[in-house]
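Please look at the model below with its sequence beside it, and follow the report one region at a time.

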Amino acid sequence: MITKLLVANRGEIARRVFATCRALGVQTVAVYSDGDADAPFATEADQAVRLPGDSPAETYLRVELILDAARRCGADAVHPGYGFLAENADFAAAVTDAGLTWVGPPAKVIAVMGDKLAAKGLLAEAGVPMLPSWTDTGAVTDFPVLVKASAGGGGRGMRIVRGADELADAVASARREAAAAFGDGTVFIERYVERGRHVEVQIFGDTHGRVVALGDRECSIQRRHQKIVEEAPAVVPERVRTALHEAAVAAGRAVDYVGAGTVEFLLAPGGEIFFLEMNTRLQVEHPVTELCTGLDLVGLQLLVAEGEPLPATLPVGTGHAIEVRLCAEDAGAGWRPATGTLHRFAVPQVTTEFGGLDRPGLRLDSGVVAGSVVGVHYDSMLAKLIAWGRTRTEATRLLSTALTRAELHGVTTNRDLLVRVLRSQAFAAVEIDTGFLDRHPEVFAPLLPADRLPVVALAAALAAAAGRRAEAKVLAGLPSGWRNVPAVPQVTRFGGPDGEVEVRYRLDRVGRLAEWSADPTATSPAAAGPAAGPPDVALVEASPGGVVLDVDGVRCAYRVHRVGSAVFVDGPDGAASLVELPRLPLPTAEVAAGSLLAPLPGAVTRVHVQVGQRVVAGEPLLTLEAMKLEHQVLAPTDGVVTELPVPAGGQVRTGAVLAVIDIC
């Protein structure tokens with residue numbers, strides 16, 4: 001019997017496992033790096049042990065430290081979560097050798113399935129359909145192909161290659177990324193199927209020889225080969241569903257599988273299915289299966305780990321569940337990771353956290369709370385929001401509405417993109433595949449129309465004025481800036497997503513909006529669009545936390561949250577993050593013309609050019625690694641490289657000069 005469980009992981013998955021443990025009366029132990037000392041998962045566990053180390057990114061990979069933490073706390077079982085050591089056979093063996101219960105498949109199964117090349121050979125003998133693959137780049141003659149990491153998953157170490165001239169660089173880059181993420185840089189090459197769909201089957205095995213399929217999932221909408229929208233069940237013909245389940249169970253039986261696992265397949269446009277990989281762990285997207293079946297998959301993991309058989313009767317899934325991964329990243333800037341402090345993290349109408357639903361509603365599995373600091377050491381996922389409905393349409397509507405109304409302040413996220421995906425006609429029609437985002441650039445547009453930004457800025461300015469009047473020591477009842485004789489209007493300048501916005505307004509003696517305007521030249525031309533006069537706006541009410549405006553006859557409520565000079569505005573059209581600019585700015589140090597600045601903290605892993613080299617626009621200059629992924633820094637224009645102040649291996653902060661290009 002498991003009495004005390006250590007979770008060898010962090011963030012959202014640690015909190016998810018703890019939730020089941022609390023329900024079952026199992027005590028919990030967290031392990032944490034210095035960067036996670038105040039993280040929610042570390043404070044929620046019954047006990048928590050610090051893992052010392054200079055590198056927060058590598059701390060959770062220290063097997064000896066994790067086993068020592070289990071010994072010190074008296075834990076009798078270890079749950080690996082997902083990522084880090086979850087699919088590390090040596091870790092699983094070390095746990096069992098230490099006399100602890102391992103919540104997962106046996107080490108020998110992890111070892112076989114962790115080597116994707118060996119797994120393909122073994123499962124092909126069991127009749128599971130396969131795509132052709134190669135390990136020798138010289139043997140590849142037909143393109144496109146996909147370079148894949150042999151160990152690990154999550155999209156790391158993957159590259160699509162469409163021509164022979166790209167293959168060598170893609171293999172080298174994939175090897176580096178895989179080695180950094182999994183400690184194993186082995187890669188192989190597989191035929192790439194255009195317009196293929198990524199579907200998967202949740203399997204479960206027990207120690208009594210039973211392997212079952214608990215439903216299927218659609219995971220085709222991906223960025224950089226990482227899933228961002230998942231749903232259950234997959235919308236496929238029943239004959240395809242049957243083939244998927246039969247192949248998945250055959251794969252599990254071929255290796256005497258025990259515990260939770262996922263068998264992933266590629267569904268070709270013609271209906272053929274091909275094995276991709278088996279993940280020997282709980283998947284990030286497991287909540288959609290839980291909501292459809294009513295099962296607690298973590299609870300089943302603990303049951304099986306204690307040697308009990310799976311229930312004789314397992315529920316058939318009902319309804320439809322959709323999950324989105326809310327990530328700290330700028331989707332419109334090449335998925336650039338974002339960092340900072342979450343000043344507010346509020347999702348409305350959440351029915352449950354980390355649990356099941358007995359009616360249509362929303363579930364939130366989050367690794368962060370308001371006040372959490374998002375750094376560069378770990379994956380960019382902040383939380384998962386999952387909706388369950390009686391139909392796919394109902395679940396989609398619940399999820400997109402909740403995302404739109406969420407208040408996510410302080411860190412850039414992919415929220416707008418997720419909403420646009422869910423509301424797209426292609427998604428509604430199930431016209432989806434792994435290339436969905438490449439073919440639908442319209443989903444990268446912000447929810448807030450550019451021509452609405454001046455109105456949002458006006459709401460921010462009026463909320464600030466209301467705040468100043470609320471704090472006034474004398475004549476607090478007078479409107480902000482009011483004069484007996486109308487004079488110059490109040491002026492507030494904001495830094496916005498595409499430049500500056502200057503708002504001018506004047507209130508009359510009873511606080512009504514007498515006039516207002518916004519400087520259309522303050523925003524970038526690309527964002528501003530064609531010039532147009534400001535809408536007719538009347539002030540209904542204003543407070544420091546919210547403003548209600550009548551905009552062209554439509555009443556609109558704006559929620560305003562201020563943190564220092566940062567102003568976050570959420571309204572019916574979308575959200576905006578603004579920075580109120582000082583009226584008299586202080587002088588700042590000048591940056592040399594042609595400087596390329598680091599968009600976020602990270603490590604320069606490669607420098608592709610030399611000082612004095614002529615480059616063309618779009619040519620790679622450096623490779624920056626952050627949040628376990630590589631990001632190329634490209635030349636913005638033609639020119640000559642005059643400075644490269646950061647060598648390979650160097651660490652940089654946001655805003656550091658990475659290169660200087662002389663435009664000539």
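## A pair of helices

In this predicted model, helix H5, which covers residues 89–97, packs with helix H6, residues 107–114, at an angle of about 175°, and their axes are 8 Å apart. Because an angle over 145 degrees counts as roughly antiparallel, H5 is described as roughly antiparallel to H6.

On the H5 side the contact is made by Ala89, Ala92 and Ala93, which meet Ala107, Ile110 and Ala111 in H6. The residues of this contact divide into six nonpolar, no polar and no charged.

## Nonpolar cores

The largest nonpolar core holds 58 residues, and those touching the most other members are Leu5, Leu6, Phe41, Val78, Phe91, Phe204 and Leu214. Leaving aside residues up to four places away in sequence, Phe41 has contacts that include Phe18, Val31 and Tyr60, as well as Arg10, Arg15 and Asp36.

Another core, of 40 residues, lies apart from the largest one, and among its members are Ile228, Leu364, Leu382 and Leu447.

## A four-stranded sheet

Four strands, in the order E37-E36-E34-E39, form an open sheet with antiparallel pairing. Strands E37 (629–634) and E39 (651–652) stand at the edges, where each has a single partner strand, so one side of each is left without a neighbour in the sheet.

Strand E34, residues 602–607, is joined to E39 by two bridges, and the two strands run antiparallel; Ala603 stands opposite Gln651 in E39. Helix H8, residues 164–182, packs on the sheet and touches E34, E36 (620–626) and E37, while its direction makes about 135° with that of E37.

Notes
Residues numbered from 1 in each chain as written. Predicted model: local features only at pLDDT ≥ 70, side-chain atom pairs only at ≥ 80, totals over all residues. Heavy atoms only, no water. Axes fitted to C-alpha atoms, helices over the stretch in contact; angles between N-to-C directions. Parallel < 35°, antiparallel > 145°, perpendicular 65-115°, else oblique. Contact = heavy atoms within 4.5 Å. Nonpolar A, V, L, I, M, F, W, Y, C, P; charged D, E, K, R; others polar. Core = buried A, V, L, I, M, F, W, Y, C linked by side-chain atoms within 4.5 Å. Buried < 20%, exposed > 50% of the residue type's maximum accessible area, 1.4 Å probe, protein only. Pairing = 2+ DSSP bridges.
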